[in-house]
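Please examine the structure shown here before reading the briefing.

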There are 4 protein chains.
Amino acid sequence: VSKAYINQGSQATARRSKLVTSLLSERRLPKDGWDDHSIESFLSEAAMMDSNNFLDNVGVGEREARVYSPLVARRHWNLAHGIGRSGDVAAEQPKAAGSSLLNKLTNLLVADAMRIAGLEDMGPALVLPLATGMTLTLVLLAVKSKRPKTATKVVWCRLDQKTCVKAVLSAGLELVVVSPKLVGDQLCTDLDAVRAAVEAAGPANVCCVVTSTSCFAPRAGDACSDVAKMCAELDVGHVVNNAYGVQATALCKEVTKAWRRGRVDAVVQSTDKNFMVPVGGAVVCSGKGNTEIVDAVRKSYPGRASISPVLDLLITLLSMGSHGWQRCLEDRGDVYGYMRTKLGECVGEFGERLLDTPGNPISIGVSLETHAKLSEDGKDVSFFGSMLFSRCVSGTRVVAPGKRQDVGGVVFDGFGASHDAYPVPYFTAAAALGTTREDVDRFCAQLRKCFKDFRKKAAKRG
Amino acid sequence: VSKAYINQGSQATARRSKLVTSLLSERRLPKDGWDDHSIESFLSEAAMMDSNNFLDNVGVGEREARVYSPLVARRHWNLAHGIGRSGDVAAEQPKAAGSSLLNKLTNLLVADAMRIAGLEDMGPALVLPLATGMTLTLVLLAVKSKRPKTATKVVWCRLDQKTCVKAVLSAGLELVVVSPKLVGDQLCTDLDAVRAAVEAAGPANVCCVVTSTSCFAPRAGDACSDVAKMCAELDVGHVVNNAYGVQATALCKEVTKAWRRGRVDAVVQSTDKNFMVPVGGAVVCSGKGNTEIVDAVRKSYPGRASISPVLDLLITLLSMGSHGWQRCLEDRGDVYGYMRTKLGECVGEFGERLLDTPGNPISIGVSLETHAKLSEDGKDVSFFGSMLFSRCVSGTRVVAPGKRQDVGGVVFDGFGASHDAYPVPYFTAAAALGTTREDVDRFCAQLRKCFKDFRKKAAKRG
Amino acid sequence: VSKAYINQGSQATARRSKLVTSLLSERRLPKDGWDDHSIESFLSEAAMMDSNNFLDNVGVGEREARVYSPLVARRHWNLAHGIGRSGDVAAEQPKAAGSSLLNKLTNLLVADAMRIAGLEDMGPALVLPLATGMTLTLVLLAVKSKRPKTATKVVWCRLDQKTCVKAVLSAGLELVVVSPKLVGDQLCTDLDAVRAAVEAAGPANVCCVVTSTSCFAPRAGDACSDVAKMCAELDVGHVVNNAYGVQATALCKEVTKAWRRGRVDAVVQSTDKNFMVPVGGAVVCSGKGNTEIVDAVRKSYPGRASISPVLDLLITLLSMGSHGWQRCLEDRGDVYGYMRTKLGECVGEFGERLLDTPGNPISIGVSLETHAKLSEDGKDVSFFGSMLFSRCVSGTRVVAPGKRQDVGGVVFDGFGASHDAYPVPYFTAAAALGTTREDVDRFCAQLRKCFKDFRKKAAKRG
Amino acid sequence: VSKAYINQGSQATARRSKLVTSLLSERRLPKDGWDDHSIESFLSEAAMMDSNNFLDNVGVGEREARVYSPLVARRHWNLAHGIGRSGDVAAEQPKAAGSSLLNKLTNLLVADAMRIAGLEDMGPALVLPLATGMTLTLVLLAVKSKRPKTATKVVWCRLDQKTCVKAVLSAGLELVVVSPKLVGDQLCTDLDAVRAAVEAAGPANVCCVVTSTSCFAPRAGDACSDVAKMCAELDVGHVVNNAYGVQATALCKEVTKAWRRGRVDAVVQSTDKNFMVPVGGAVVCSGKGNTEIVDAVRKSYPGRASISPVLDLLITLLSMGSHGWQRCLEDRGDVYGYMRTKLGECVGEFGERLLDTPGNPISIGVSLETHAKLSEDGKDVSFFGSMLFSRCVSGTRVVAPGKRQDVGGVVFDGFGASHDAYPVPYFTAAAALGTTREDVDRFCAQLRKCFKDFRKKAAKRG
């Protein structure tokens with residue numbers, strides 16, 4: 001092949017490999033997302049630096065990252081050593097320079113993405129190949145190891161999902177539930193009750209307070225910064241469950257305020273909900289002034305771990321670039337507004353209304369009072385959800401009052417509403433990352449059909 | 001296209017889909033491994049049963065398994081919901097029938113594979129998307145939750161890897177180390193010392209005893225069945241770390257004997273080392289008579305988890321079939337014998353010998369006494385390992401006496417040897433699953449070169 | 001897994017397989033494009049109907065479609081038998097029902113896509129795994145086989161690309177070149193000259209006339225319908241080279257008019273330029289009233305052929321759906337207008353103008369008169385193209401007057417311009433399928449820089 | 001990541017990229033086959049040198065290798081420009097340095113592979129993305145272009161496959177059929193008849209003689225070298241159809257002898273049958289002393305062509321390496337012997353025998369005389385083939401006497417046997433590249449069942 005053409009081709013190759021070198025030197029999201037060709041080529045190059053991919057390697061250890069199935073090897077770009085060592089899940093593996101590099105890079109890039117989303121003054125981020133619940137357990141164990149032996153209680157601002165309860169119990173800790181208080185339609189952090197709970201237990205017996213940012217309406221995100229100040233004052237730990245809060249600027253700001261003004265030991269967020277990857281990863285972080293617990297989690301993780309959720313996140317972040325990521329965030333905010341408007345119009349036609357929850361920038365509650373009265377027993381609206389599901393609408397959540405539920409031995413009244421006796425039945429819908437205006441339109445269309453069917457049935461019984 | 005041809009093609013399709021139906025009805029390894037085409041087609045079909053892949057789905061929940069990057073979606077065959085629910089990591093997900101099916105199936109197939117390997121009378125197996133160490137932590141937390149509050153000590157038969165120590169400490173438990181006893185070249189379980197340790201602590205203060213099967217020579221696998229009887233008698237828990245023991249029939253037999261004759265709460269094994277998948281999964285099981293802890297682990301796992309390690313295992317098991325899996329196991333046994341013979345001949349030429357460790361069917365120790373004397377200070381042979389590594393031999397482990405190491409606050413003398421004062425320096429090599437006779441030959445060739453170089457250097461120093 | 005979930009999953013699978021059955025029964029583009037998951041699943045299912053993928057097949061023939069490399073097998077979804085038989089490239093293969101099905105389907109779908117693009121009253125379309133040039137050769141050989149033995153001349157309306165010349169010569173035919181006539185800026189079909197050429201040779205000695213639709217400006221697409229009428233009258237063949245004309249409605253209308261009003265033996269179009277697939281395929285078609293040559297090509301194709309270009313086309317068409325395809329076509333028309341406007345503005349700033357070529361809806365000519373005068377020798381502007389290429393603009397074509405070129409023994413004056421003496425130097429740019437408004441903007445930006453640089457250099461020489 | 005690990009990883013990367021540089025400098029098969037990771041990485045790197053993959057490229061030409069579907073782009077590693085230019089199918093494309101490089105390399109590697117197979121003193125090889133039949137047509141057109149205008153006849157040693165007949169007719173040439181002569185069981189080249197045919201037509205009217213090497217038993221490979229000498233003497237062209245002959249040393253030797261001793265204009269071989277890739281490619285070559293026709297084919301190919309068959313071949317050759325390729329060839333020879341032995345034993349049990357065809361090293365004929373007598377009408381055995389096919393045996397070919405067939409206007413008596421009146425009915429089976437001993441065993445097992453069933457049915461009719 002003639003030199004001129006090869007030169008021109010080599011220049012192209014050089015331009016592309018500059019992508020990699022500038023990524024490795026800048027250690028933050030590239031401005032423009034990478035194309036898949038560049039991403040795969042980078043992963044493939046990194047994989048060649050792992051010992052299982054060395055040409056002529058003779059492996060006579062117990063663990064040589066042999067992969068039986070070519071199908072499996074291929075889906076991981078031949079990365080098989082996982083991440084971490086016995087001593088530290090973020091540590092480099094001597095046999096796996098490539099995997100180690102990718103892991104470090106992912107931690108740096110996700111930190112950059114979180115900074116862009118609004119988490120300022122953040123310390124290092126730690127991606128774990130564990131979903132949010134299991135990560136919370138690890139974080140709680142780490143906090144506990146730094147607290148007095150007696151500190152076995154976790155004071156928790158009630159949020160009706162099982163995960164957090166399980167995470168506390170799995171860590172061998174005791175749960176103290178603090179109910180939110182009802183203000184208008186909205187359920188807000190009851191700061192006095194939190195303080196009372198800590199003081200009743202005695203701070204030395206309290207491992208930490210757990211607050212949450214993202215949640216189902218009509219619950220608002222917790223007043224993390226107020227709780228943070230209180231925890232600093234009372235000298236107890238404070239863990240923030242920011243499960244899917246990275247996607248909402250308001251929640252990120254509250255978290256930032258919290259670690260700037262008070263005590264935050266660790267913040268946990270899911271990778272799937274915030275970055276649109278498959279379930280399986282979480283990020284732990286904290287303010288840059290207090291990175292002790294993030295370090296402890298990193299160092300207490302026993303053994304190695306899967307690189308798979310790390311890879312998913314890395315690919316996604318490279319593919320987005322900072323521009324793409326910002327666009328995702330902006331679009332979500334925009335769709336939230338659009339959903340409030342359209343959904344409000346839609347349900348208004350049928351005598352229902354949006355719950356007023358200014359403290360929740362993601363989830364929207366819709367009253368079902370009118371329809372509850374039309375239901376067979378005058379109150380059960382729970383099958384409204386399955387009516388929607390059978391119309392290909394997934395993710396709505398109907399909450400009818402009065403359900404009692406046992407979660408791992410802890411009993412909740414009015415389960416689902418995060419409150420013993422929320423006054424109205426309702427359902428929720430969310431404008432989460434990736435939701436489009438088209439989704440909203442199709443949702444409203446299906447919703448209208450449901451309301452009409454509901455009324456027809458009521459009329460028949462009538 | 002003419003009917004005759006289509007008919008013939010349809011018959012072929014039918015024969016292939018019979019593979020799937022017979023798998024789903026028999027729920028054990030197919031005799032012959034499946035080809036990749038059949039495997040991928042099955043995964044793709046299952047994925048279509050998850051809500052994120054429904055045509056026309058409108059997702060308005062917080063978690064709709066949206067995947068940003070097509071590259072990421074593709075590597076997971078569009079499976080994005082993960083496995084498990086808040087209440088149970090093996091539970092079905094309403095939104096993810098396909099993922100749930102694959103997860104259940106994997107648990108059944110791996111149980112079949114383990115039965116074939118020699119683990120008889122086994123109860124249900126539980127695959128976790130966590131590597132061995134983290135799984136041990138979860139198991140220990142589950143055992144602890146069933147023991148008295150005071151039971152915070154873990155009596156552990158020393159085995160010099162950091163993972164197990166970390167797993168105990170991360171669970172917030174205390175480690176009591178029991179040294180093995182030296183019998184000839186071999187380090188064996190010191191049953192009397194174990195009993196003494198439990199009694200000194202008081203059984204009510206002991207969470208469990210932890211034994212190990214697979215380990216580096218010259219340590220032998222623990223006498224699990226004797227310990228199991230003792231634990232039954234003393235009424236304390238017993239967890240077996242069978243990290244890479246599934247691959248060795250002798251170790252599987254010992255575990256079977258243990259849960260038949262005594263108390264075994266749970267057995268933990270790695271998926272990567274036993275089934276040649278990338279790092280990231282483990283299997284928990286127990287004898288069929290005592291499945292309480294496996295159940296507890298399943299139900300205490302907080303939240304969802306990655307399906308990725310499950311998929312790797314499923315693909316691998318389908319790809320092997322029972323015949324392929326048996327062949328892997330037999331080949332490994334054969335290669336172990338071959339390695340002992342060839343390695344014995346090789347090192348004999350240079351004045352060294354194999355350590356006599358009949359209780360270890362995987363790892364082989366080779367004395368370095370002669371060469372230690374030739375070393376600069378008359379004893380340091382540690383750089384022998386890096387000489388081998390620079391010759392593309394990975395996985396050998398040189399143990400020179402006298403190293404002291406702190407692991408998470410626990411101090412070990414003679415670290416590496418699992419003994420305070422093992423009498424000779426040595427290195428280990430393993431005939432692990434997937435090692436071939438060709439590997440052994442190439443290993444011996446490189447080893448000969450190393451010995452010669454070592455002697456040349458010694459001669460120069462003269 | 002519980003029945004309810006499996007049912008729901010099965011319904012989803014059923015909805016998806018309805019895609020396939022409705023495709024096979026309707027035999028035209030689905031309205032909405034398919035997602036990749038559905039496409040791959042369909043291909044995989046079809047492949048299972050080929051004998052090389054039968055479970056338990058014993059192949060003892062000369063050709064059993066064995067594939068050595070799994071990498072190769074995978075990229076073709078295990079389709080290895082190719083298409084066609086010795087007697088007919090569109091015939092079914094007994095051993096390959098799946099491949100045969102996919103091939104037939106592709107021919108039907110592409111016909112539908114071409115109908116949508118504006119080719120009305122079209123007969124069957126035949127996709128060949130050959131690029132345009134080689135397909136033209138085959139078509140010419142087929143036309144010749146239907147003409148008298150003496151008919152060895154091809155009368156061709158000059159269009160300065162080598163392919164058509166080569167196609168004629170490779171078929172062993174003689175080329176008679178007819179120059180277009182200059183009308184304003186535009187080069188149009190010289191009907192009188194075509195008639196004169198046929199009559200000079202004697203119709204019995206003429207195999208066919210070859211006209212072209214898509215071409216570089218300032219040449220306009222040929223007046224195919226007028227030529228068609230003339231060919232009918234003179235009783236000579238007529239082949240239309242519609243290389244990349246499917247993308248432009250005006251050209252499709254002219255072709256339709258041609259086969260409605262006169263004689264068109266075959267129309268040839270490239271798959272890569274019209275459907276955005278990799279180079280390697282072409283489509284032959286004709287009006288539904290005269291399908292003899294398409295049939296003859298089909299039946300004269302000797303032996304089997306690659307399925308690869310067929311697969312590329314099938315995947316692309318399924319992925320587009322009719323809506324997606326229409327959007328592509330509309331976008332292209334829109335971008336053409338946008339390019340004329342923006343490019344006109346841009347070059348006007350530098351004293352140049354767009355050539356007036358209303359008969360060419362794809363390619364745009366831009367005068368370089370002003371700049372030619374500024375060039376070193378007062379006329380050579382050829383390096384303007386490389387200036388653009390070095391600025392990452394590919395595809396412009398600078399034509400300076402006076403180049404003489406020999407193509408396979410035929411000599412052309414003023415080669416490049418399709419005219420012996422086009423009066424002005426110029427360059428061309430095209431608004432081809434897939435070009436975006438962003439491309440146009442970036443192109444104009446680079447162009448401005450080039451003009452400025454050009455002037456700077458001229459000033460220096462000054 | 002620490003420097004030491006990165007260094008070690010970089011060394012690994014360097015070792016791997018040495019594979020590429022040594023391939024590019026040595027330009028022949030690597031000794032050991034490459035792993036898929038290395039192959040894909042090489043292809044991906046090459047693709048980045050094509051303009052459609054340049055970062056920031058602005059394409060404003062008619063053909064910018066845009067690919068609509070990511071699925072399509074991915075299966076071609078983003079190579080979309082195809083190969084060749086209007087003037088030469090092996091020419092470099094300015095816009096596609098990477099594709100051009102891969103194409104050149106494939107031509108060189110396949111030449112090396114053919115040399116290893118036994119084709120000595122060979123000139124350059126030319127891979128075409130056309131299957132054998134279409135390639136033969138191109139070759140015949142090229143030969144014709146170098147012969148006198150009157151030379152329109154092709155003298156062909158009869159071989160009953162339609163492809164060659166079609167190839168001649170498609171080229172617009174006339175077929176002169178010369179029957180082989182029966183010697184014992186075997187059908188051999190009738191040299192006198194070939195000479196007589198050429199002389200009857202007059203050498204100036206003969207384009208070329210076409211001989212074949214690989215064929216169905218009981219026909220033997222043609223005496224190419226004798227025909228070559230005769231063609232030199234008579235001054236007519238000579239094309240060898242070596243369709244699947246590369247896999248048999250004896251046939252390669254005969255071809256070598258032919259171009260060493262006489263006239264051979266071109267030799268055509270299929271890529272699928274000789275190298276186990278999907279249908280779609282062929283290789284044209286000739287002795288190094290006479291490369292005129294290969295050059296002419298290269299230069300007469302009109303326009304561009306698909307790179308896909310070239311890629312398949314390249315991947316396969318890299319994956320085999322010279323050692324792997326030699327092993328394939330040796331295994332095939334071995335399986336041929338094994339099949340003769342086992343098949344002979346098997347059919348002997350049922351009163352049939354192998355036909356004695358020492359001149360055919362691939363295909364084996366088995367008499368069906370005994371069974372023909374048992375058939376309904378005392379002679380029809382044709383359904384024996386479908387009995388085998390319904391037992392999953394593909395590729396056998398039953399030839400019953402007396403079939404008359406019209407192929408494109410040429411009529412053959414006794415079609416299938418390559419002889420007007422072959423004395424016995426028979427079937428054929430082949431030991432082609434990739435056939436295994438296990439295939440032979442399973443074939444014989446099914447064959448025994450067939451014979452038994454056949455006899456049962458005959459007995460019933462009794």
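This is a predicted model: local features need pLDDT of at least 70, side-chain atom pairs count only at pLDDT 80 or more; totals for chains, interfaces and linings use all residues.

Residues are numbered from 1 along each chain as its sequence is written, chains are lettered from A and ligands numbered from 1 in the order in which they are written, and side-chain values use heavy atoms, with hydrogens and water left out.

**Chain A with chain B**

- Chain A places 88 residues in contact with 88 residues of chain B, where contact means heavy atoms within 4.5 Å.
- About 7400 Å² is buried between chain A and chain B, and carbon and sulfur atoms give 60% of this area. Buried area is the accessible area (1.4 Å probe) that two parts lose on being put together, summed over both.
- On the side of chain A, the residues that lose the most area to chain B are A:Glu62, A:Tyr68 and A:Arg75, together 12% of what that side buries.
- Four salt bridges are counted between chain A and chain B; a salt bridge is a side-chain nitrogen of Lys or Arg within 4 Å of a carboxyl oxygen of Asp or Glu.
- A:Arg75 forms a salt bridge with B:Asp312 through their side chains, at 2.5 Å from N to O.
- Between chain A and chain B, 36 residue pairs are in polar contact, both residues being at pLDDT 80 or more. A polar contact is a pair of N or O atoms within 3.5 Å; within protein, one must be able to donate a hydrogen and the other to accept it, and residues adjacent in sequence count only if both atoms are side-chain atoms.
- Helix H12 (residues 308–348) of chain A supplies ten residues, the largest share of the side of chain A that touches chain B. Helices (H or I, at least four residues) and strands (E, at least two) are DSSP runs, numbered from the N terminus.
- Strand S12 (residues 393–394) of chain A runs parallel to strand S1 (residues 58–59) of chain B, and two bridges join them. Two strands pair if DSSP finds at least two bridges between them.
- A:Ser394 has B:Gly59 as its bridge partner in S1(B).

**Chain D with chain A**

- Chain D has 36 residues in contact with 36 residues of chain A.
- Chain D and chain A bury about 3200 Å² between them, with 59% of it on carbon and sulfur atoms.
- Two salt bridges are counted between chain D and chain A; D:Glu40 and A:Arg74 meet in a salt bridge through their side chains, at 2.7 Å from N to O.
- Helix H1 (3–26), helix H2 (36–47) and helix H4 (97–117) of chain D are the elements that give two or more residues to the side touching chain A. The largest share, ten residues, comes from H1(D).

**A sheet in chain C**

- Three strands of chain C form an open sheet in the order S11-S16-S13, with antiparallel pairing.
- Strand S11 (363–367) and strand S13 (397–399) of chain C are the edge strands, each pairing on one side only.
- From one strand to the next, the twist averages 25 degrees. Axes are lines fitted to C-alpha atoms, for helices over the stretch in contact, and angles run from 0 to 180 degrees between N-to-C directions.
- S11(C) and strand S16 (residues 426–430) of chain C run antiparallel and are joined by five bridges; C:Val366 has C:Phe427 as its bridge partner in S16(C).
- Helix H12 (residues 308–348) of chain C packs on the sheet and touches S11 and S16 of chain C, its direction making about 5 degrees with that of S11(C).
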